[in-house]
Amino acid sequence: MIDKDKINPRELRVFNNKNYSFFVCDILNGLKILSGWEYKEDAVDHQKELIQSFDQSFNWSKDTFKVYTRRHLNKLIK
């Protein structure tokens, strides 16, 4: 679980926007909310853009960026 007090203010603003149901997150070093989206297809498109733009020399994998629903994030954030 992630303590809500430890999420940075920008991430918290994205999460608190009730228009967003899907979130692109960086899970490499903890959980960072990168963006919020109304539609799953838009979130998946953004996830793919991040994967394509990431330099292959860094230590990462395709699983670095995940799309989570608000319901799932609510379970992770207390």
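## Report on the predicted fold

E1 and E2 form a hairpin with 5 residues between them, and Gly30 in the turn has a positive phi of about 90°. Strands here are DSSP runs of type E with at least two residues, helices are runs of H or I with at least four residues, and both are numbered from the N terminus. The model is predicted, and local features need pLDDT of at least 70, side-chain atom pairs count only at pLDDT 80 or more, and totals for chains, interfaces and linings use all residues. Residues are numbered from 1 along each chain as its sequence is written, and side-chain values use heavy atoms, with hydrogens and water left out.

### Overall architecture

The protein chain contains 3 helices and 3 strands, and from the N terminus on these elements run α-β-β-α-β-α. Of its 78 residues, 32% are buried; buried means under 20% relative accessible area, exposed means over 50%, and partly exposed lies in between (1.4 Å probe, protein chains only). Contact means heavy atoms within 4.5 Å. Among contacts between residues at least 6 apart in sequence, 48% join residues at least 24 apart.

### The sheet

The 3 strands form an open sheet in the order E2-E1-E3, with antiparallel pairing. E2 and E3 stand at the edges, each with a single partner strand, so one side of each is left without a neighbour in the sheet. Direction ignored, neighbouring strands of this sheet are turned by 30° against each other on average. Two strands count as paired if DSSP finds at least two bridges between them; E1 and E2 pair in the antiparallel sense over 5 bridges. In general, strands of a sheet pair through backbone hydrogen bonds, either parallel or antiparallel.

Two helices lie across these strands. H1 lies across E1 and E2 and runs at about 30° to E2, whereas H2 lies across E1, E2 and E3 and runs at about 165° to E3. For these angles, axes are lines fitted to C-alpha atoms, for helices over the stretch in contact, and the angles run from 0 to 180 degrees between N-to-C directions.

### Helix H1

In H1 (residues 9–16), Glu11, Val14 and Phe15 are buried. These residues cover an arc of only 95° around the axis, which puts them on the same side of H1; the arc is that of the directions from the helix axis to the C-beta atoms. Their cover includes strand E1 (22–26), strand E2 (32–37) and helix H3 (70–76). The face of H1 turned away from the buried side carries the exposed residues Pro9 and Arg13. For Arg13, the relative accessible area is 58%.

### Helix H2

At 1.5 Å a residue, the 14 residues of H2 should span 20 Å, and the end C-alpha atoms are 20 Å apart, which agrees. The expected span of a helix is 1.5 Å times one less than its number of residues. Ala43, His46, Gln47, Leu50 and Ile51 are buried in H2. They cover an arc of only 140° around the axis, which puts them on the same side of H2. What covers them includes E1, E2 and E3. Exposed residues on the face turned away from this buried side are Glu41, Gln52 and Ser53.

### Leu50 and Thr64

Leu50 has its place in H2 (residues 40–53), while Thr64 is found in the loop between H2 and strand E3 (65–69). Leu50 is buried, with a relative accessible area of 19%, and Thr64 also counts as buried, at 4%. Leaving aside neighbours within four places in sequence, Leu50 is in contact with Val24, Leu34 and Phe65. With the same exclusion, Thr64 is in contact with Cys25, Asp26, Ile27 and Leu28.

The table lists C-alpha separations for two residue pairs.

| Residue pair | Separation along the chain | C-alpha separation |
|---|---|---|
| Leu50 and Thr64 | 14 residues | 9.7 Å |
| Arg13 and Ile33 | 20 residues | 10.0 Å |
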